[in-house]
Protein chains: 2
Amino acid sequence: MSRQSPANLSQIARHLGLSVTTVSRALKNGPEVHPDTRAKVQAAAAEMGYVPNLAGRALRTGRTGNLTAILPLETQGSLSDIAKLPLIEGMTLAAQQAGYALSVASTIPEEDPQSGLLRVLNSGSTDGVIITRMVSDDPRPALLRARGFPFVAFGRSEVAIAHSCIDIANEDIAQDATTRLAAASCRCIALQLLVLDDHVSKMRLLGYRHALKSAGLDFRPDLVGHSGYTIAASEAWVSRLLALPEPPDGLVCANELGLMGALVALRRAGLRAGREVQLIVRDSTGLSRHVLDDIGVHFVDLTLAGRLLVEALIAAIERPEEPPVHTLLGARFDPVGVSDPSD
Amino acid sequence: MSRQSPANLSQIARHLGLSVTTVSRALKNGPEVHPDTRAKVQAAAAEMGYVPNLAGRALRTGRTGNLTAILPLETQGSLSDIAKLPLIEGMTLAAQQAGYALSVASTIPEEDPQSGLLRVLNSGSTDGVIITRMVSDDPRPALLRARGFPFVAFGRSEVAIAHSCIDIANEDIAQDATTRLAAASCRCIALQLLVLDDHVSKMRLLGYRHALKSAGLDFRPDLVGHSGYTIAASEAWVSRLLALPEPPDGLVCANELGLMGALVALRRAGLRAGREVQLIVRDSTGLSRHVLDDIGVHFVDLTLAGRLLVEALIAAIERPEEPPVHTLLGARFDPVGVSDPSD
DNA sequence: TTATGGAATCGTAACGTTACGATTTACTTC
DNA sequence: GAAGTAAATCGTAACGTTACGATTCCATAA
């Protein structure tokens, strides 16, 4: 009962009385084989259950058929940012449909982000990488560029290096959310950010300030804060907000977990979402509309983002002469409420 | 600016005046090289930035350094079962720490589950697979066994084939949940299942019926139903339950999404969780305790399950003579409530 | 001095694929 | 019928690694 390996080119060639070369060419629709031969070879390959051995092909061509996404995974057992799931799903499915396999590699929190990337590159087992969590002066694009290694970025940095990137229209979304709260008569609108100094927060802050100005509201630095990626941290931050002398009457939440934390904080303070404090959230899982009975949800389709990232990466690998793409993904605003019958 | 490839064995050999063979042996601590030589080789390899080419190694040894988990991913854009995220995280991190890469392959809903598996096997790009969503008479273990291909299963089937599997103690958990509801004076306890006919549902039903019997309660088939993996389906099912002539006063939810659906259904019916209907949920993300203000949560550590799956798979690959492991993972019961300050 | 044996190192082949140049076959044209 | 040409096919080499048998070297014993 030992491991049986699938048929290879030489077995097909022997079976048909052809050379390995001809079989190889026939299978990839090379123009130099006789149509009859091609048909015969392809029939035999199908019948014998031939699948190309990727190691052999990789050794010869340098292409492995693997893509790697570098994501920050949760190592401590606490609740992870669930928006990663649709992103992973989108990337995996798009890769699979294009004949690639997608591996996820995790950054290690204590580690320099560059060395994690280097580990992946040097293993030589991937054709291209997707990098995430871009920061303003991110060193990774330059590193990848210097190696001539195909990559795409999820999110923008301020580094002037040509590469494809897919980003979320964070500025627009924050601006729209703030404007909607102002239109709902909020006068003290708080903005929840996730981490300090990354590009996402910078853009969201821009949109927020722009909307405040348009609505004729003052900017109050004490209403802006970063609350990290956990429910507990969000709850702590919102609780502090609510204890201010002039607490907010509107809150732009950063994501699902930020919303959860905010809801817990409101419950503890005896306040009601949608009444004393109105909430808007940026959501990527569809979860928020089921827990939030308030103004609405900005739905950001990260499954689509994952698909676009993979497609851009494959383009960078297979057609390097094409110019890089820059896609800015907007959000769909969904009003919510208990009466909404949709999923 | 073309892609620079890292050093290979022959470059190191040339640089040191040794043969490729000796360098190869020195780097993997083979016993036949002189200690001085080994030290020299390893120093040179480190200095020249040598990393083994995985394609070359794979071609020679048949080992690729890749593991594949076959999961059902969401292709329709609807909210996916978020419990997959901690599972993926646990698997990915454990694989990474052991020097493997983990790819996720998705089953295609319309497709025969076997052909998806075959596609993965035949690609020859993976050393072992993790299969999930086991059903009672699952054909996949026999298929994998016949090929001599290393694999582990998440969940048990009733097929008598020796292989490692990691399972959740679904029977115990459902029994404990039902018992707790009965102890909280519930007399009509409903059981939410996910899909019909899989092993998980079978075990949960067993535990549920056992607990009912112990508590002296009658089994009512109309209180047991399967509600699929979406919030909407759960909501529809719970709504139907609540419209029964004798509606339940207790509900054992299947997972986070089942809970969400139940909460929406309760709100719509004007009922309060923890009052007219008491809830217990099986949770793997830590999310439930933030939305549920009721009896409690059975927390199932799927990050750990993912880690155990990968470790068992690596054992099956590297040490096939070892007997397979069967691990049954229990749950930790966490009482919840607004006054609970933990994350 | 010559066997003996063990330690250290080397050379060759092979894994399955593809690129490239060489070779055969069949058909047209003079 | 011979020469020329295009189409079809073939043989060889190479990617980087490891397994295996062969070989060298050196110290010790006969």
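A: Arg282(B) has His298(B), a residue of E10(B), as its bridge partner. The model is predicted: local features need pLDDT of at least 70 and side-chain atom pairs count only at pLDDT 80 or more, whereas totals for chains, interfaces and linings use all residues. Residues are numbered from 1 along each chain as its sequence is written, and chains are lettered from A and ligands numbered from 1 in the order in which they are written.

The two strands concerned are E9 (residues 278-283) and E10 (residues 296-299) of chain B, which pair in the parallel sense over four bridges. Strands (E, at least two residues) and helices (H or I, at least four) are DSSP runs numbered from the N terminus, and two strands pair if DSSP finds at least two bridges between them.

This pair belongs to an open, mixed sheet of six strands in chain B, ordered E7-E6-E8-E9-E10-E12. At its edges are strand E7 (224-226) and strand E12 (332-335) of chain B, each pairing on one side only. On average, neighbouring strands of the sheet are turned by 20 degrees against each other, direction ignored.

Helix H9 (residues 199-214) of chain B lies across strand E6 (189-193), E7 and strand E8 (250-253) of that chain, and runs at about 170 degrees to E6(B). Such angles run from 0 to 180 degrees between N-to-C directions, with axes fitted as lines to C-alpha atoms, for helices over the stretch in contact; contact requires the C-beta atoms of two residues, placed from the backbone, to lie within 7 Å.
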